[in-house]
Amino acid sequence: MAGDTIAVEIETPASISGFLSAFVGNSINVKRLWVDHLLSYGDDWKHLFELMTEEGMSLLLTIRPKKSEDSPSIYITGREIGTILATD
């Protein structure tokens with residue numbers, strides 16, 4: 001955690017490297033994909049996202065495929081998280 005941003009790094013299988021560009025970017029659909037993915041790990045993530053929305057905190061999500069030097073990041077604001085939670 002740094003300031004108002006929570007940083008999370010996800011290690012993925014090396015095979016995702018060829019498709020990584022489809023899973024990163026600044027679009028709301030990409031952000032929704034990752035928020036939904038993290039929500040699939042249980043209610044703790046939902047609770048964290050709800051708190052982040054209330055407190056105006058953001059998420060910096062770094063995707064790190066195994067055996068790859070490429071590790072793009074996705075920045076999701078608390079407002080965007082709130083919008084995603086509201087529409088799910």
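**Notes on the predicted model**

1. Glu55 counts as exposed because its relative accessibility is 58%, and exposed here means over 50%.

2. Glu55 also takes part in a surface feature. Together with Asp43, Asp44, Glu50 and Glu54, Glu55 makes up a patch of negative charge on the surface. If you colour the model by charge, those are the five names to look for. On the helix side of things, an α-helix has 3.6 residues a turn, so residues three or four places apart point the same way.

3. How many salt bridges are there? The count comes to two. One of them pairs Glu9 with Arg64, with the closest N and O atoms 2.7 Å apart. This pair links distant parts of the chain, since Glu9 sits in strand β1 (residues 5-12) and Arg64 in strand β2 (residues 58-65), 55 residues apart. Arg64 is partly exposed, at a relative accessible area of 29%.

4. The other bridge joins Glu80 to Lys31, and here the closest N and O atoms are 2.8 Å apart. Glu80 is in helix α3 (residues 78-87) and Lys31 is in helix α1, so this contact ties together parts 49 residues apart in sequence.

5. Is Lys31 buried or exposed? Lys31 counts as buried, because its relative accessibility is 2% and the cut-off for buried is under 20%. So we have a lysine in helix α1 that is buried and forms a salt bridge with Glu80. One more distance for this residue: Lys31 and Tyr41 are ten residues apart in sequence, with 16 Å between their C-alpha atoms.

6. Staying in helix α1 (residues 28-39), have a look at Asn29. Asn29 is exposed, with a relative accessible area of 56%, whereas Lys31 is buried at 2%. How far is Asn29 from Ile84 in space? The C-alpha to C-alpha distance is 9.3 Å, for two residues 55 apart in sequence.

7. Back to strand β2, which holds Ile63. Ile63 is buried, as its relative accessibility is 0%. The C-alpha atoms of Ile63 and Val24 are separated by 8.4 Å, and the two residues are 39 apart along the chain.

8. One backbone angle deserves a check by eye. Which residue has a positive phi although it is not a glycine? That is Lys67, at about 60 degrees. Lys67 lies in the loop between β2 and β3 (73-76). With a relative accessibility of 88%, Lys67 counts as exposed.

9. Last stop, the loop between β3 and α3, where Thr77 lies. Thr77 counts as partly exposed, since its relative accessibility is 25%. Thr77 and Phe23 are 54 residues apart in sequence, and their C-alpha atoms are 17 Å apart in space.

Note on methods:
Residues numbered from 1 in each chain as written. Predicted model: local features only at pLDDT ≥ 70, side-chain atom pairs only at ≥ 80, totals over all residues. Heavy atoms only, no water. Patch = residues over 30% accessible without salt bridge, like charges linked within 9 Å, V, L, I, M, F, W, Y side chains within 5 Å. Areas by Shrake-Rupley, 256 points an atom, 1.4 Å probe, with all protein chains shown as cover. Salt bridge = Lys/Arg side-chain N within 4 Å of Asp/Glu carboxyl O. Lys, Arg positive; Asp, Glu negative; His and termini not counted. Charge placed at Lys NZ, Arg CZ, Asp CG, Glu CD. Buried < 20%, exposed > 50% of the residue type's maximum accessible area, 1.4 Å probe, protein only. Helix = DSSP H or I, 4+ residues; strand = E, 2+ residues; numbered from the N terminus.
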